[in-house]
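Please look over the sequence and the model below before reading on.

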Amino acid sequence: MADGAGGGGDASARAAVRVRDLVKTYPARRGRRGAPGTPAVRASDGVSLTVGRGEVFGLLGPNGAGKSTLVRQLTGLLRPDSGHVDVLGHDLVRHPRRAARLLAYLGQESTALDELTVALAAETTGRLRGLDAAGARRERDAVLEELGLGPLADRPLKRLSGGQRRLACVAAALVGERPLLVLDEPTTGMDPVARRAVWAAVDRRRVERGVTVILVTHNVIEAELVLDRVAVMDRGRAIACDTPAGLKAAVGEEVRLELVWRDRAPTEVPEVAALERVAAAVGRRWTLRLPPGQARAAVAAVTGGPAFAALDDFTLATPTLEDVYLALGGHTEGLVKA
Ligand SMILES: Nc1ncnc2c1ncn2[C@@H]1O[C@H](COP(=O)(O)OP(=O)(O)OP(=O)(O)O)[C@@H](O)[C@H]1O
């Protein structure tokens, strides 16, 4: 595990992936036969980020934050409405087919391999990635051994448990090596032994071969264990990007203040108007990160004087790791904490 040194300015100089101003809106759909339709969703709302070569880079965020939409654009599978995606010097918006040579992608759904046995899924993927027959068999055997899949080699994927099937799909993704691995929640449903095998395999490729890894997760603990840097996604935007330790340190000294207004915030009160400029507002709820002294002053301002009548509730708390996300302006629903 690196200390996160792959991040920051160094990463932009030796970028594996650069994303600039990526926008993707899924169009609204009309409901059929009186059923309600779905509104348009801006799933990528101007995302920019840079992943350094050899980094294990995470996308963290709750359900619906836009993580999968982002990686599907990174992998050339989904065309952005606007913005740029550069992978190892290739413009994947203009040339999406080049993705197949540059990266291995493990999506959330992997039914394409279901009819194959574990061994054949790995071998076939190797052949599709250009290995000759002997090379594909060699890599197949090595990766099945590495992930502890030997005993299941001859079982069709559709006859495996969810976690075993996921592990077989990871194995297939690792055959016929690509310089970039994009893994969308690779360890879903796996037991701890399998999870450890996956993280070890990922780390080995990075350390021994300089492979870059982009990893989607909404597990905060996992993020802290395996990632060099992490971008926190919320409603189609990357709201923060740093090492896990850096993210914690950035809010560690600060206090989280939550204000809930009865009806609307009384922004005609100058102290409230000042707080509004630094608050993340969701409806009637404002979340602020403030140094302890300022937090005390803010509480005094909203609990005394004319603002108090408009205040429904407030809480003050020291941020925990999980609070990093919330303190950055995100929403905790769906963010796995263990
Ligand atoms: N094909 C689609 N058509 C319409 N809307 C979509 C489609 N795919 C995703 N969305 C919407 O886009 C938003 C982002 O979805 P996305 O799957 O990228 O989120 P995510 O962060 O990967 O979530 P999860 O953690 O649940 O996998 C959500 O509001 C989702 O409902």
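## A strand pair and its hairpin

Strand β4, residues 82–87, pairs in the antiparallel sense with strand β5, residues 90–91, over 2 bridges, and one of the residues involved is Asp 86, whose bridge partner in β5 is Asp 91. The two strands β4 and β5 form a hairpin with 2 residues between them, and in that turn Leu 88 has a positive phi of about 50 degrees.

Strand β4 also pairs with strand β1, which covers residues 15–26; these two strands run antiparallel and are joined by 5 bridges. Within this pairing, Val 17 has Val 87 of β4 as its bridge partner.

## The surroundings of the ligand

Around the ligand there are 12 residues, of which Tyr 26, Asn 63, Lys 67, Ser 68 and Thr 69 come nearest. Helix α2, residues 67–74, and strand β2, residues 41–52, each supply at least two residues of this shell, and the largest share, 3 residues, comes from α2.

By residue class, the shell around the ligand divides into 7 polar residues, 4 nonpolar residues and 1 charged residue.

## The chain as a whole

The secondary structure of the protein chain comes to 12 helices and 14 strands. The chain has 338 residues, of which 41% count as buried, and, among its contacts with a separation of 6 or more, 71% are accounted for by residues 24 or more positions apart.

The domain assignment divides the protein chain into domain 1, given as 8–25 + 42–243, and domain 2, given as 255–318. Taken over C-alpha atoms, the centres of domain 1 and domain 2 are separated by 41 Å.

## Confidence in the model

How far does the predictor's confidence reach across the protein chain, and what is its mean pLDDT? The mean pLDDT is 86, and 88% of the residues of the chain reach 70 or more. The model as a whole scores ipTM 0.97 and pTM 0.75.

One stretch calls for separate mention: over residues 1–12 the pLDDT stays under 50, and for these residues the model has 22 contacts beyond four places in sequence. Where pLDDT is low, the predicted coordinates should not be read in detail.

Conventions
Residues numbered from 1 in each chain as written. Predicted model: local features only at pLDDT ≥ 70, side-chain atom pairs only at ≥ 80, totals over all residues. Pairing = 2+ DSSP bridges. Helix = DSSP H or I, 4+ residues; strand = E, 2+ residues; numbered from the N terminus. Domains from an automatic or database assignment. pLDDT = per-residue confidence, 0-100. Contact = placed C-beta atoms within 7 Å. Near = placed C-beta within 6 Å. Nonpolar A, V, L, I, M, F, W, Y, C, P; charged D, E, K, R; others polar. Buried ≥ 20, exposed ≤ 12 C-beta atoms within 10 Å, placed from the backbone.
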